[in-house]
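Let's take a walk through this model together.

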Amino acid sequence: MTILIKNGSVVLSTGAIQADVLIDGETIAAVIAPGDTSLGANLEATVDKVFDARGKYVIPGGVDVHTHMELPFGGTFASDTFATGTRAAAWGGTTTIIDFAVQKFGERVQDALAAWHAKADGQCAIDYSFHQIIGGVDDDSLKAMDELVDEGITSFKLFMAYPGVFYSDDGQILRAMQTAAKNGSTIMMHAENGIAIDVLVQQALAEGKTDPRYHSLTRPWETEAEATNRAIMLAKMTGTPLYIVHMSAKQAVNVVQQARDEAWNVFGETCPQYLYLSLEEHLSQPGFEGAKWVCSTPLRSKAERHQQELWRYLRTNDLSIVSTDHCPFCMKEQKELGVGDFSKIPNGIGSVEHRMDLIYQGVVDGQITLARWVEITATTPARMFGLYPRKGVIAPGSDADIVIYNPDGRTEIGHEKTHHMNMDHSAWEGFNIDGHVDTVISRGTVIVDDNKYIGSDGHGKYLKRGMNQYLI
Ligand code: URP
Ligand code: ZN
Ligand code: ZN
């Protein structure tokens, strides 16, 4: 199958150019400048399908490097399967996800990874890969890290939060970082001081403070900034690259900025929820409504101006990537587990379908440029996690993962009945975007067009990854 996308504005992380894009099979065959007839004067007549993208942006498919399909958490499982979650991602212009395989204390890492392959194999609408969560650092799991790198799993997530569940102490973190420094992989860190948070949570509950908003009030910014600093210092001792996930506190990103100013291999990620949603407007809604917005790190105070600072850090590249941390739970029977005790509300928000639109709104609002939109949602994620130039760019030889984005369109994203994620509510009620995903192409196959999903479960392939391409 050959496809020609003509007359569009091709947006790359380096800027936008007028060009046509020729797809042959699963890959991009050519990016053709206006007036270039070297492939034939009437190329259009020779291809199988033509899209006229006049007035539209032609961008690399989104790469969301932080999702949790079917994550076991708090006595339940994230409500999207790999089938429903990747379909929803496709609707929103994301063509690659990297999900997290979970190893718990006492489990073999290889068995945990095999279980995640079994969940995803033959289910995905788009291409996918895995990071490995190491929930129990010991001799066996450290050895397994080396094996996984050979299998193309080149990033490992550790937790300084959730004692008794995924938590690693400083000694365990140091040992995992030493292993990563030797085998060349990247450590991803959930940086919150979980031990201190647990004390604050118990004290709040003892005082009868049980509403969802106490989730944020018992995880103050200091717990994120302290853990971020500790993780950076431990990583510095070992020389491993460090990627801090889902950052929400401006003070914590300031710590990342200082490390980056020293030219250390430290990187920060944030998520749409921290750029748009807040403690006051969302988590503090009356009754149990705020449970929809319980996630960790937590939504922070609007009055403290974290959102403005996060956008600024995205401009200065102290935050390098926007992922979703997609971890959906329904209100019914899932979030409801925490009625009367905020600490039992499963942590997570679902956004995999909305990331490209929500961050495009940052372009419309003047927060970031068009090129930076592509860079932080597609190009940098691909480079950070060893998928570039196969993913994250429109260039000859790259996979034909392409979105035709209509800046004159409009997307109402906040409706539980119209989104495609497996959730009984939306965390994005009332959000309308000045832009629209018109067409999504995954490895040369059109999977979304004209408000219809025409892809298939199992089209998505597993991706073995290389190393982080940003190391100094
Ligand atoms: O609230 C969150 N972030 N849930 C998913 C698990 C994690 O820590 O990433
Ligand atoms: Zn986390
Ligand atoms: Zn996460």
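Cys-330 counts as buried, at 15% relative accessibility; buried means under 20% relative accessible area, exposed over 50%, and partly exposed in between, with a 1.4 Å probe and protein chains only. Cys-271 is buried too, with a relative accessible area of 0%.

Before going on, note that this is a predicted model, where local features need pLDDT of at least 70, side-chain atom pairs count only at pLDDT 80 or more, and totals for chains, interfaces and linings use all residues. Residues are numbered from 1 along each chain as its sequence is written, chains are lettered from A and ligands numbered from 1 in the order in which they are written, and side-chain values use heavy atoms, leaving out hydrogens and water.

Now for ligand 1. There are 13 residues around ligand 1, and Lys-157, His-190, Ser-296, Asp-325 and Asn-347 come nearest (near means a heavy atom within 4 Å). Polar contacts are pairs of N or O atoms within 3.5 Å. One oxygen atom of ligand 1 is 3.1 Å from a side-chain N or O atom of His-68, and an oxygen atom of ligand 1 is 3.3 Å from one in the side chain of Tyr-162.

Note on methods: Polar contact = N/O pair within 3.5 Å; in protein donor to acceptor, adjacent residues only side chain to side chain.
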